[in-house]
Amino acid sequence: MAKRTIAISLTALVLAIAVILFLLLSRNRFYTNQFIKGKAFIEQKKYDDAAASFKKAIQWKKKSAPAWLGLAQSKYFLKQYDDALEPVNQSIGLDSLLSEAYLYRGMIYARKDMHPEAIDNYNTALRLDSLFAQAYYQRGISLAGIGEFRASVADYRKAMELDRENIEAYLKSIEARSAMEDFKGALADYDKLLEVDPENYEALFNRGYLKVTLNDMEGALSDLNKAISIKSDDPELFLQRGVALAKKGDFEASVKDFSLCIEKKYSLPKVLYNRALSYLYMQKLKEAAGDLQQLVKIEPKNANAYYTLGVISSMRQDFKASLPFYDKAIECNPSFADAYFNRGVSKGNLDMHSEAITDYDKAIQLRKNYAEAYYSRAVSKIRTQSSADEGCVDLKRALDLGYQQAQDLINIHCN
């Protein structure tokens with residue numbers, strides 16, 4: 001009888017163990033199923049569904065650091081940064097060696113503009129994994145956020161070395177270099193980016209734009225032409241190519257690009273002004289004036305447009321007609337030194353020398369080293385015959401500033 005009892009007890013024990021094992025295996029299976037679903041939903045950018053799956057996974061396995069991290073990631077991508085902090089802290093509490101958790105906590109802090117705290121977390125992630133490209137990249141963003149652009153560039157470069165496919169690291173490095181006005185460094189980063197992705201339209205466009213700034217017109221045109229071959233429906237490309245062509249001196253080709261933009265009604269004030277300047281250099285004064293008249297209808301307070309209309313009248317030797325345009329330019333921009341100067345020149349040509357001197361005075365007041373204004377004021381002073389000595393002072397000042405034409409008048413009037 002005793003042996004039978006023992007046998008029954010052993011059977012019960014085996015059954016109990018089997019039930020426990022079944023429950024444990026079931027729990028693990030349910031946990032694994034929800035965890036995998038959560039990861040898949042993140043890949044699909046279904047972040048609400050991902051958060052729900054990770055919460056279910058945590059119900060089955062409360063001490064799973066990866067599940068808590070998955071929940072934090074879901075909340076981060078949902079831009080629920082405050083809600084993301086608790087699960088990421090839980091993850092770190094359960095596994096203090098999980099470098100990715102420190103990365104995400106840093107990213108959460110960065111989104112809350114807490115860059116010093118973010119940097120501390122990125123530092124920890126990098127102590128745990130010195131080859132963590134994303135941690136270098138994110139630390140670069142936070143370093144830039146506190147104005148440490150040089151250090152941020154170093155981090156972006158490290159991220160780029162570790163992950164050549166990280167296009168954003170190249171772009172962020174360029175952004176930081178531009179903030180430091182390190183345009184040559186930015187150009188080098190564009191070169192590296194385009195080695196990785198030769199058909200990157202935005203990189204070609206931006207490198208072309210940067211080359212215009214650096215006066216490399218041939219290089220700019222090469223980049224802009226390639227960008228146009230990739231995306232020919234973007235009028236901004238034609239606008240920038242038109243600017244590059246004009247700076248190169250190919251005004252006829254620049255007019256064609258600006259005209260295409262005008263047909264598309266793209267950035268009309270800027271394009272009309274640029275086309276007017278190209279026409280002006282081509283001595284097509286009627287066409288230039290037409291564009292500028294159209295421009296002032298769109299922007300009635302565009303000082304540059306009125307000023308250039310004044311220049312066109314002056315080029316036609318119609319100095320009286322130029323005066324209202326210069327008046328209007330000064331009305332729109334009272335600090336427009338060139339407008340005062342040109343109005344003075346027109347008045348001088350109309351024998352209104354006293355009024356011209358007043359305009360030259362203002363031009364010099366606005367621009368202390370305005371050599372041509374000193375020279376022109378000297379001419380008007382000498383012609384009034386009442387201020388010849390003062391005129392000689394102005395001529396010598398103009399010469400000191402590098403205006404060599406002043407020497408001839410000094411030789412004649414200033415013994």
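These notebook entries record what I looked up in a predicted model.

**Entry: largest pocket**

I began with the largest pocket, whose volume is about 210 Å³. I listed its lining as Tyr76, Met107, Ala110, Arg111, His115, Tyr122, Tyr137, Gln138 and Ile141. I then assigned the lining to elements: helix H5 (99-111), helix H6 (115-128) and helix H7 (133-145) each supply at least two residues. By class, I noted six nonpolar, two polar and one charged residues in this lining.

**Entry: second largest pocket**

I turned to the second largest pocket, which holds about 170 Å³ of space. Its lining consists of Lys39, Ile42, Glu43, Lys45, Tyr47, Gln73, Phe77, Glu100 and Tyr104. Helix H1 (2-43), helix H3 (65-77) and H5 each contribute at least two residues to that lining. The largest share, three residues, comes from H1. I recorded the classes as four nonpolar, one polar and four charged.

**Entry: aromatic pairs**

I searched the whole structure for aromatic pairs and found 14. One of these joins Phe77 and Tyr104 in an edge-to-face arrangement, with 6.2 Å centre to centre and 80° between the planes. The pair links distant parts of the chain, since Phe77 belongs to helix H3 and Tyr104 to helix H5, 27 residues apart. I checked accessibility for both: Phe77 is partly exposed at a relative accessible area of 31%, whereas Tyr104 is buried at 9%.

I next examined Tyr137 and Tyr156, a tilted pair with 6.1 Å centre to centre and 50° between the planes. Tyr137 lies in helix H7 and Tyr156 in helix H8 (residues 149-162), so this pair ties together parts that are 19 residues apart in sequence. Tyr137 counts as buried because its relative accessibility of 8% falls under the 20% limit. Tyr156 is also buried, with a relative accessible area of 2%.

**Entry: charges over rings**

I looked up charged groups placed over aromatic rings. Lys61 lies over the face of Tyr31, at 4.8 Å from the ring centre. The charged end of Arg367 sits over the ring of Tyr370, 4.2 Å from its centre.

**Entry: Asn415**

Finally, I located Asn415 in the segment after helix H23 (406-413). Asn415 counts as exposed because its relative accessibility is 92%, and the limit for that class is over 50%. I also took the C-alpha separation of Asn415 and Phe325, which is 39 Å for residues 90 apart along the chain.

Note on methods. Residues numbered from 1 in each chain as written. Predicted model: local features only at pLDDT ≥ 70, side-chain atom pairs only at ≥ 80, totals over all residues. Heavy atoms only, no water. 1 Å grid on protein atoms, 1.4 Å probe; cavity = no way out; pocket = protein on both sides within 12 Å on 5 of 7 lines; lining within 4 Å. Points joined across faces, edges and corners; volume = space filled by probe spheres on them. Helix = DSSP H or I, 4+ residues; strand = E, 2+ residues; numbered from the N terminus. Nonpolar A, V, L, I, M, F, W, Y, C, P; charged D, E, K, R; others polar. Buried < 20%, exposed > 50% of the residue type's maximum accessible area, 1.4 Å probe, protein only. Phe/Tyr/Trp six-rings, centres within 6.5 Å; stacked < 30°, edge-to-face > 60°. Lys NZ or Arg CZ within 6 Å of the ring centre and 35° of its normal.
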